[in-house]
Amino acid sequence: MTMFRKLPYFVILQGRKNKINVDFRNMISFENILQDKSVSKSEKIEYGLRHFYPAFFSLENYQQLLYRPKLYKEACDKMIWFYKCGREDYHRTTGKSNKSNKQIYSYEYDDEYIYGAFYEQYGINLAYDKVHWWKFKALLKSLKDDTEFVKIKGYRAYTGEDKNMIELRKYWELPLPIEEQERLDKIYEALK
């Protein structure tokens with residue numbers, strides 16, 4: 001029922017109303033930082049807070065936040081709450097499933113397909129239009145099966161035996177993270 005209420009543009013921190021950066025681009029950047037294994041946990045948190053709360057954009061303001069542990073924790077909790085679209089279980093899966101947790105899309109590699117799908121289906125120009133993160137996530141989940149982006153996600157998620165689909169899955173496979181690719185290259189070199 002979260003989406004049937006007014007979308008949040010502010011959060012309350014220690015009883016005070018604070019403006020937040022709700023733009024989908026900001027949250028995609030945050031998600032990309034979260035997935036980057038070369039960035040430390042503290043750098044991820046700093047990046048998130050400084051970009052989520054306009055009041056913390058300056059380094060001086062951010063450093064003052066560090067000296068107030070209750071405010072710091074509350075600011076982190078509200079940022080994560082927003083990232084999860086106000087839902088505790090937003091990114092969790094339940095039950096046992098044979099499906100892998102393999103990534104089937106990437107904002108970095110699929111940007112043109114996401115842009116095209118939003119423009120085609122909703123008339124939203126993601127290069128110019130401001131779109132709230134929660135609205136973006138809801139619309140992303142609701143893209144029609146005939147958009148190229150949804151087809152590509154289907155190829156990547158395919159686990160059956162059909163040779164044509166396996167070829168499509170391989171063709172559309174996302175590149176491995178740099179660290180993983182370097183590790184595999186070393187293994188291949190050792191096997192030569």
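**View 1. The backbone nitrogen of Glu108 sits 3.2 Å from a polar atom in the side chain of Ser106.** That counts as a polar contact: N or O atoms within 3.5 Å, one able to donate a hydrogen and the other to accept it, with residues adjacent in sequence counting only if both atoms are side-chain atoms. This is a predicted model, where local features need pLDDT of at least 70 and side-chain atom pairs 80 or more, while totals for chains, interfaces and linings use all residues. Residues are numbered from 1 along each chain as its sequence is written, and side-chain values use heavy atoms, leaving out hydrogens and water.

View 2. Ser106 is buried, at 10% relative accessible area (buried means under 20%, with a 1.4 Å probe and protein chains only). Skipping neighbours within four places in sequence, Ser106 is in contact (heavy atoms within 4.5 Å) with Asp111, Ile114, Arg156 and Leu174.

**View 3. Phe136 is among the residues with the most contacts inside the largest nonpolar core, alongside Tyr53, Phe118 and Trp133.** Such a core is a set of buried Ala, Val, Leu, Ile, Met, Phe, Trp, Tyr and Cys residues joined through side-chain atoms within 4.5 Å. Leaving out residues up to four places away in sequence, Phe136 touches Phe24, Ile28, Tyr107, Ile114, Phe118, Leu126 and Val131.

Terms used: Buried means under 20% relative accessible area, exposed over 50%, partly exposed in between (1.4 Å probe, protein chains only).
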